[in-house]
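Below are some notes for your first reading of this model. Please keep the structure open beside the text and find each element as you go.

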Amino acid sequence: MTIRRKRTSVGVAVLVAAVAVGAFLAAGASARQSALPRSQTLYTSGTAWGPFAQFNPLRSSGNSTGTLGLLYETLFRYDPLKDRYIPWLATSGKWVGTTYVVTLRKGVTWNDGKPFTAADVKFTFETGKLEGSELSTMWKTGLQSIGVKGNVVSFRFKGQPNYLDWATNIYSYGIVPQHVWKNYDAKEITAGNTDKYFVGTGPFTYGAGKGTSGTLQWNRRDNWWATKLLGIKMPMKYIVDIHNTQNTASLQNFLQNNIDLSNNFFPGVDKQIGGKVQTYYAKPPYMLSANTAWLIPNTTKAPLNDPAFRRALAMSINVDQIVKADYGNIVAKANPTGLLPTWNKWIDKGQVAKLGFKYNIAAAKALLAANGYKDTNGDGFVETKNGQPINLQLIVPNGWSDWMTAIQIISASTKDAGIKITPAYPDYNGLVDQRNTGKFDLVINNDKQLGPTPYTYYDFLFHLPVADTQTFANYSRFTAAGPKPWALTLALNKVKPANIARQKQIQSQLQKYILEQLPAIPLWYNGMWSQYNTTYWTNFPKSAGAGLQTTPSVWNGYLNMTGIDALARLKPAKQG
């Protein structure tokens, strides 16, 4: 799943515009709050940058806020903070040979009153046979058939299953009602389905806002199955998600008590934390880590095709300055492997100590010189080994203010080592085209998100073959190490999740390639941006406090982690 949060520059003109927009948003929010009882309504923001158009739980990105989690639900949920699966629509799942056997929960109903059955699960996963379905990969790589007997569903694989792919799939895709979705054609199912009926098993039903760029309203479902079977009841009667315009405007709206849970990136929010504004951690980095920001080099171009140059580049970047000056300490510096803090158990720490890089200008200069990169014309920048000038363009999307500032810091930092980098800010679509077609020098990317296994990161770095257009992985077009890293990645996918020792063995080898070859350079961990305004609601997720360690986000893919638990544990604030 890809979290893309629009950023805005914070110059005077933008701030002036933001005030006007913020006032407009605040007025709109006040109107909404007068229409709904404020004490029973949770206002969220930070997910939607376009119209609330897509409601398709069989797609991993682009959905309207709450599609997966509030309306549709998954067989299991995944808790990344405790590294465990939570039985949800299923009560259990286990491997029996090469068959994954799922026992479904009894007593679950759709919001139209019809019972949830094994036929719904079979139908959902068999949509993967349709051309263009995101679920098609599992059918192309081993899933042979799905059997149903009572409330038991058996997924039969041919040969060794892709265990780690499956470990992600079982909590990432919502189950749809066969009696409704059988009426949709193949294109509606695979290409975006805007939903006509909103029949789900989740704790909320659709209220209003489809197709608009204003607000999306969800209404509590009082006969939700989990209330009776698990004793879970949502404390709010309504959830209203507010469409984003500018982060600075959303910040003003938030500070005026019109947003309770914001998943926006807020410039300067570190100065607001305290009192009614709270975050997951009380101290830096304040936020949980959601993904890694990587510096992606185009390894088909000199000098970025030289691992020694890439290492010198990594050593010349002052990430601590980015963390402090750009982000106000709401992010943390990444481990040299790039693996997220929740994957700490997989990191070969001895190998990192031996092979990892650190910010060191003197050492970067020495490494450049030792490998033939010298300043031969006295302009302060090194040239290639054959004396050609080096001027690397580093791109991030225009308007993403934090990344725009970050690459300015990177450019100034690498200058000290003699590496010339020129920041550039194409529009987002233009950047994607350059990145995917290999028409770039350097780009920052954070596509891969928090999940149950680092396998997705290895796939992101080493995926082969490299095509003319790369749409989801290996943007660096890294092939210098041959097929071995990709072969190891594929082998890791075939290891049963319970075989920790074998997984660690393979991952150690993959991390060695990352550390020695630097197909991408990990910079910092982007935060799971989450700010709480406690004026109307309290008991938000925190690092301390019984039962409060949950994912505090309504981003796509996070409610089906422990975002639902976060919502269920909220309490109305006492109004003085």
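Which helices and strands each supply at least two residues of the lining of the second largest pocket?

1. The model is predicted. In it, the elements asked about are the strands β2 (76-79), β3 (84-87) and β4 (90-96), together with the helices α4 (163-172) and α17 (500-517).

2. The second largest pocket holds about 470 Å³ of space. Its lining consists of 26 residues, and Y85, A167, I170, P497 and A498 are the ones nearest the centre. Sorted by class, 16 of the lining residues are nonpolar, five are polar and five are charged.

3. Most residues other than glycine have a negative phi. D83 is not a glycine, yet its phi is positive, at about 50°.

4. Now turn to the helix packing. Two packed helices are described by the angle between their axes and the distance between the axes. For helix α16 (residues 484-493) and α17, the angle is about 155° and the axes lie 10 Å apart. Angles over 145 degrees count as roughly antiparallel, so α16 is roughly antiparallel to α17. Their crossing is left-handed.

5. On the α16 side, the contact with α17 involves K484, P485, L488, T489, A491 and L492. The α17 side brings Q503, I506, Q507, Q509, L510 and Y513. By class, this contact has seven nonpolar residues, four polar ones and one charged.

6. How does helix α15 (residues 455-462) lie against α17, and at what angle do the axes cross? The two axes come within 11 Å and cross at roughly 40°, which means that α15 is oblique to α17. This crossing is also left-handed. Y458, L461 and F462 of α15 touch Q507, L510, Q511, Y513 and I514 of α17. Six residues in the contact are nonpolar, two are polar and none is charged.

7. Finally, look at two peptide bonds. Most peptide bonds are trans. The bond from L464 to P465 is cis, with omega near 0°, and P465 sits in the loop between α15 and α16. A302 and P303 are also joined by a cis peptide bond, with omega about 0°. P303 is found in the loop between β13 (289-297) and α9 (307-315).

Definitions and conventions
Residues numbered from 1 in each chain as written. Predicted model: local features only at pLDDT ≥ 70, side-chain atom pairs only at ≥ 80, totals over all residues. Heavy atoms only, no water. 1 Å grid on protein atoms, 1.4 Å probe; cavity = no way out; pocket = protein on both sides within 12 Å on 5 of 7 lines; lining within 4 Å. Points joined across faces, edges and corners; volume = space filled by probe spheres on them. Helix = DSSP H or I, 4+ residues; strand = E, 2+ residues; numbered from the N terminus. Nonpolar A, V, L, I, M, F, W, Y, C, P; charged D, E, K, R; others polar. Axes fitted to C-alpha atoms, helices over the stretch in contact; angles between N-to-C directions. Parallel < 35°, antiparallel > 145°, perpendicular 65-115°, else oblique. Left-handed = near helix turned anticlockwise from the far one by under 90°. Contact = heavy atoms within 4.5 Å.
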